[in-house]
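Student: Hi! Could you walk me through this structure while I have it open?
Tutor: Happy to, let's bring it up.

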Amino acid sequence: MNKQENIKALNIMIKAAKEAGKLSKLLQKKRTKMEVKFKGPADLLCYADQQTEECIKKILFNAYPNFSYYGEETGEIKGKSNNYLWLVDPIDGTTNFLSGLEYTITIALRFNKNTISGIIYNPISKEMFTVTKGGGAFLNNKRIKVSKTDDHRRFLIGTGIPTKNIKYSNKSYIRLKKIRENIAGIRITGSAAYSLALVACGKLDGYFEGTVGVIDTAAGVLLVEEAGGIVSDFWGRNKKYFEKNVTYVAGNKQAHSYIVKKTNKA
């Protein structure tokens, strides 16, 4: 897929996200009447997740019927073009969604296990983050960059506390305490994708979280990298490692270094 073809695919993602955004906002108004299921401890699933993903899937398959697909709710669908894979989380932040708070829709396109383009869309704020490999990161068509903050006393850092794997929570609190000691503040958005997007546009200086899936982070990782940031696992290692051990540290150079040093000690 050349540059122009990748941009074409990105536009399909944008179309799918906007349509899914309209649908999910309508569904959110009916959230108090929805049946809620539990996939695991504090891991919620509702009708809106499934309906929103169906909306996205239909648009993607209409445009690229042979691509493979992996969705948060649908699971894996193998296509004839095994090299190309869609990754879709229709509502990243289902708990937020069910509480009437902001959430995100995230879609990534991969070629041979490498993300080549992606979007993160916040339907409530109408923030559309877009990225293509080698083509830069954008928010509503304006180029974005990670922050330039280099004083740790001014760092604003995002995180999340494990819900799918509660047994890991204790170490999360230890890391949180170590990182929090000498910075300006911590923020939890409730969406890994949105946290990465906020790092990419410089609103957060860094972000760390463990036990987060590739579906949630693929677009966001590329977004941070194309915005001039660094992404690694808790030990400073690259994609080969963080996609396997599902621990993520993202930020500008200084914030990333600060977080890695602290997570190494937990």
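Student: Which residue is the bridge partner of Ser232 in strand 15?
Tutor: In strand 15, Ser232 has Val249 as its bridge partner. Strands here are DSSP runs of E with at least two residues, helices are runs of H or I with at least four, and both are numbered from the N terminus. This is a predicted model, where local features need pLDDT of at least 70 and side-chain atom pairs count only at pLDDT 80 or more, while totals for chains, interfaces and linings use all residues. Residues are numbered from 1 along each chain as its sequence is written, and side-chain values use heavy atoms, with hydrogens and water left out.

Student: How many bridges join strand 14 to strand 15?
Tutor: Three, and the two strands run antiparallel. Two strands pair if DSSP finds at least two bridges between them.

Student: What packs on that sheet, touching strand 13 and strand 15?
Tutor: Helix 5 (residues 192-200) does, and its direction makes about 155° with that of strand 13. Touching is contact, meaning heavy atoms within 4.5 Å. The angles run from 0 to 180 degrees between N-to-C directions, with axes fitted to C-alpha atoms, for helices over the stretch in contact. Helix 8 (residues 253-263) packs on the sheet too, touching strand 11, strand 13, strand 14 and strand 15, at about 145° to strand 15.

Student: And what's the strand order in that five-stranded sheet?
Tutor: The order is 12-11-13-15-14, in an open sheet with mixed pairing. Strand 12 (185-187) and strand 14 (230-232) each have a single partner strand, so one side of each lacks a neighbour in the sheet.

Student: Switching to the eight-stranded sheet: which strands are at its edges?
Tutor: That sheet is open and mixed, in the order 4-3-5-6-7-8-9-10. Its edge strands are strand 4 (75-77) and strand 10 (142-143).

Student: How do strand 6 and strand 7 pair?
Tutor: They are antiparallel, over seven bridges. Leu109, for example, has Ser117 in strand 7 as its bridge partner. Helix 1 (residues 3-28) packs on this sheet and makes about 30° with strand 7, whereas helix 6 (residues 214-226) runs at about 100° to strand 7.

Student: Zooming out, how many helices and strands are there in the protein?
Tutor: Eight helices and 15 strands. The radius of gyration, taken over C-alpha atoms, is 18 Å, close to the 18 Å from the globule rule for 266 residues, so the protein is as compact as a globular protein of that length. That rule is 2.2 Å times the number of residues to the power 0.38.
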